[in-house]
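Colleague: Hi! Could you walk me through this model?
Modeller: Happy to, here it comes.

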Amino acid sequence: MLKLLSILWNSFKMSVQELHNNKLRSSLSLIGISFGIFCIIGVLATVASLKKKVQTDIMALGSNTIYVDKWQYSGGPDYPWWKFVNRPLPKYNEVKFIKEKSSLAEYASYSNSVNSNLLYTNFQMNNITVNCVSEDFNKIQTVDIYAGRYLTDNEFLRGNPVTVIGYENALQLFGKPEKAVGKVVSFDGHHATIVGVIAKEGQSFVGSPFDYDHCVILSYRYFASLYNTNNTDLQPAILVKARENVPSTALVDELEGIMRQVRKLSPSQDDNFALNDINALSANTDGLFATLNIAGAVIAFLSLIVGAFGVANIMFVTVRERTSQIGLKKAIGAKKRTILTEFLLESAFLCVIGGLVGLTFVWLLATALSFVLPFAISIPPNIIFLALSICIILGVLSGIIPATIAARMNPVDAIRSK
């Protein structure tokens, strides 16, 4: 054990000495390693952070939740919008039917929205989303309250003119969000008392229909007393959350039968509704992020190959410069495996040093970009471990030929070479 630690320490000192004595040569050779690690770790960390943000935003729509809508939540140039445009809108009474007929649904809620202007005294905010929801909405969606409270069951039942508003709305209208509670705001000539302010959510990447930072939430009954919920310009949907341990695919199958029943569709008629599985949306993002990871890996691989040749060149020169030292070591009893191990470890340490430089630049860039991008870039421990593992493996592969040459030297010939 002590011998192994001694070899490790000597190899580390030799690699540092090599960098110190041949700064230009070593630095140029390690640029490839540093750049390769910078590329692969930078891409992996950015993609992992972006994936986490997107999937968090998708899950914010409701984990294990199905959206019953007229529109299919998919895009692309081949999106068949003409199949969906004439479908009927989801209705509030369909929520009650789903609750009565479904054995797999835990909660179901109706939602709808309209764009309006929000006013308080002489201040006005334009193009604000006025959302209406029914009783179970906050059991499906996560609605964190920053100040005040959420709507009560009695307020839902009676359709009281009260509202919960978004953080940014409260900030812009009142200066401090907590000051919004108890104030009366108006929209389209109607009034509502603010009972709560939603906590700041931040930008979402998935186009959520509930922009909590800029929304106004009303109970369905109050909303229905103000607007025609059958207006095709509105955006209604029904949210259905599966029971614990019930897969969303099973809920989709059950909802299809229930919706065909409530819509009175014959067996020959196609569905006139869409069942959008939030879990499926999350799974569809995996392929995109896998492609981005592969692209980053290809760029990094090319850089690492260049760096590996640079490290191999350093080791060939190092073996040549230390030929007499190798001869002396072998003359006093050093074994082939000891010489081989020393040079392989030195090569690995050189690659690790290059990798640490690359990791440092990734960390600096990630810290800077986190202040600019709408999501924080972090470097998970498993990615750091991967980077160091790549450096060690690359170092061993780069140094295997020079180390083998050193281990096979004849001690007499090596000493005479000086």
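Modeller: A quick definition to begin: the expected span of a helix is 1.5 Å times one less than its number of residues. Helices (H or I, at least four residues) and strands (E, at least two) are DSSP runs, numbered from the N terminus. This is a predicted model, where local features need pLDDT of at least 70, side-chain atom pairs count only at pLDDT 80 or more, and totals for chains, interfaces and linings use all residues. Residues are numbered from 1 along each chain as its sequence is written, and side-chain values use heavy atoms, with hydrogens and water left out.

Colleague: Great. How far apart are the end C-alpha atoms of helix α13?
Modeller: They are 36 Å apart, which agrees with the 39 Å that its 27 residues, 381–407, should span.

Colleague: And where does α13 bend?
Modeller: At Ile400, by about 50 degrees, with Pro402 following within four residues. The bend is the angle between axes fitted to the seven residues ending there and the seven starting there.

Colleague: Is Pro402 buried or exposed?
Modeller: Buried (under 20% relative accessible area, 1.4 Å probe, protein chains only; exposed is over 50%, partly exposed in between). Other buried residues of α13 include Ile383, Leu394 and Ala403.

Colleague: New topic: which loop holds Asp188?
Modeller: The one between β6 (184–187) and β7 (190–198). Asp188 has a positive phi of about 50 degrees though it is not a glycine. Most residues other than glycine have a negative phi.

Colleague: How accessible is Asp188?
Modeller: Its relative accessible area is 43%, so Asp188 counts as partly exposed.
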